[in-house]
Amino acid sequence: MTLKSLLVAIIVCTTVFNASADVNVTTHNLENAKAKAYLHEVSYNTGDKSRVKEYNVSPPERRDQPAPVTIKWTAPAGVANQLLYVATSKKFKNVKPITLAANTTSNDIYNLIPGQTYYYKVVALNDKGKKKATNIGTAITTGQLRMIKVESGYNFRDIGGWNTASGKHIRYGMIYRSAELNGKYELTSKDSAIVRNIGILAELDLRSDGEAHNITVSRLGADVTYNRLSTGTYYLEGIKNNTTRFKEQMQFVFDMVKQNRPVVFHCHIGADRTGCLGLLLEGLLGVSESDIYKDYELTTFSALGTPRYKGQIEDIIAYIKTFDGVTLEEQFYSYCTQALGLSPQDIADFRNTMLQ
């Protein structure tokens, strides 16, 4: 079950009637085993052979999803139902509980944010609604990569968490990348609600009009800011010659971040056009060359069977390195200001918001 990204927590607990609350503190890594191994065992230099094939193996089939986090407890007798409250504050203010059946003994929660502390309590109620027992706990989440679990969607992940040259990391919960939200891989109503619950308020569609079925309103709802800026040419040719469109796409992301409207950008399968825009955003924020390659190759983990290898973008990195600057971050900045014509002030504002 998925909650709003900041209203989630996990813990292993045991419900005891007529006893004082049990307090537990646990730590959980949110990366699935395949992605975790790939992220932390691989480091790339220019020209290195791709290693992602070593990690893109089954099981599981859905390697583009996070590891589940599970609450477990012993269901007490004589209970009508149970309530699970989760929050980022011990006071649980304005938190809507999850209602669980009387015999429920576990609950999976997805789409947490790494590096957060969450609080939970399980309350057992009798048939008159009287509280019978309360268990409380604290969960600390770890890991870097934040994949998003949607059954009908693919290749959906937060670009937050990557470390940067400044010593900071990219902020979670503001910019996401994915496969399409409508069309062949359309999100179900349930999954659309999940995506809304993690806080997304804007959609940047990189597909053509035909691919998008000429929609004018986001699959996520009419209150979500929707903009279709079809990429056209991409990879090295696009980075060199399609600068007007890449500027428009980058500017839209800047504007949504400035307005505190978390944005998801996508093409059809979230690989090529999405990968190129992701590369520019991450490079501008100071992500290392090795990590830019790794984020691009994470698309290989998609259940759609869409392998992508670092060799496909190495010529882009080489081209960016022809621009002014000593560091790769400075060279991305020069590309964005000189080739794309983006405002230095907009870039500074974007970096200030996105780096923590």
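Helix axes here are lines fitted to C-alpha atoms, and the angles between them run from 0 to 180 degrees between N-to-C directions. The model on screen is predicted.

**Stop 1: H5 and H6**

Select residues 272–285, which form helix H5, and then residues 289–297, which form helix H6. H5 and H6 pack at an angle of about 155 degrees, and their axes lie 10 Å apart. Angles over 145 degrees count as roughly antiparallel, so H5 is roughly antiparallel to H6. Their crossing is right-handed.

Now show the side chains at the contact. From H5, pick Asp-272, Gly-275, Leu-279, Glu-282 and Gly-283; from H6, pick Ile-292, Asp-295 and Tyr-296. Sorted by class, the residues of this H5–H6 contact are 3 nonpolar, 2 polar and 3 charged.

**Stop 2: the second largest cavity**

Keep H5 and H6 displayed. Which residues line the second largest cavity? Select Arg-177, Gly-275, Leu-279, Glu-282, Ile-292, Asp-295, Tyr-296 and Ile-313 to see the lining. H5 and H6 are the elements that each give two or more residues to the lining of this cavity. The space inside the second largest cavity is about 30 Å³. Its lining has 4 nonpolar, 1 polar and 3 charged residues.

**Stop 3: H4 against H5**

H4 passes H5 in a right-handed crossing.

For the contact, select Phe-246, Gln-249, Met-250, Val-253 and Phe-254 on H4, together with Cys-276, Leu-277, Leu-280, Leu-281 and Leu-284 on H5. How many charged residues does the contact of H4 with H5 have? There are no charged residues in it; the contact of H4 with H5 has 9 nonpolar residues and 1 polar residue.

**Stop 4: H9 against H5**

Leave H5 in view and bring up helix H9, residues 344–354. H5 and H9 pack at an angle of about 85 degrees, with their axes 10 Å apart. Because angles of 65 to 115 degrees count as roughly perpendicular, H5 and H9 are described as roughly perpendicular to each other.

On the H5 side, the contact is made by Leu-281, Leu-284 and Leu-285. On the H9 side, select Ile-347, Phe-350, Arg-351 and Met-354. This contact of H5 with H9 divides into 6 nonpolar, no polar and 1 charged residues. Leu-281 and Leu-284, shown here against H9, are also among the H5 residues in the contact with H4.

**Stop 5: the largest cavity**

Clear the helices and turn to the other cavity. A search of the whole structure finds 2 cavities of 30 Å³ or more. The largest cavity has a volume of about 60 Å³. To outline the largest cavity, select Leu-30, Pro-66, Ala-67, Val-69, Ile-109, Tyr-110, Asn-111, Leu-112, Leu-145, Arg-146 and Met-147. By class, this lining of the largest cavity has 9 nonpolar, 1 polar and 1 charged residues.

**Stop 6: two cis peptide bonds**

Go to the loop between helix H1 (33–41) and strand S2 (69–72), where Pro-59 is found. Pro-60 is found in the loop between H1 and S2 as well. Show the backbone from Ser-58 onwards. Ser-58 and Pro-59 are joined by a cis peptide bond, with omega about -5 degrees. The peptide bond from Pro-59 to Pro-60 is cis too, and its omega is near 0 degrees.

**Stop 7: Phe-92**

Finish in the loop between strand S3 (81–87) and strand S4 (98–101), and select Phe-92. What is phi of Phe-92? Phi of Phe-92 is near 55 degrees, a positive value in a residue other than glycine.

Terms used. Residues numbered from 1 in each chain as written. Predicted model: local features only at pLDDT ≥ 70, side-chain atom pairs only at ≥ 80, totals over all residues. Heavy atoms only, no water. Helix = DSSP H or I, 4+ residues; strand = E, 2+ residues; numbered from the N terminus. Left-handed = near helix turned anticlockwise from the far one by under 90°. Contact = heavy atoms within 4.5 Å. Nonpolar A, V, L, I, M, F, W, Y, C, P; charged D, E, K, R; others polar. 1 Å grid on protein atoms, 1.4 Å probe; cavity = no way out; pocket = protein on both sides within 12 Å on 5 of 7 lines; lining within 4 Å. Points joined across faces, edges and corners; volume = space filled by probe spheres on them. Parallel < 35°, antiparallel > 145°, perpendicular 65-115°, else oblique.
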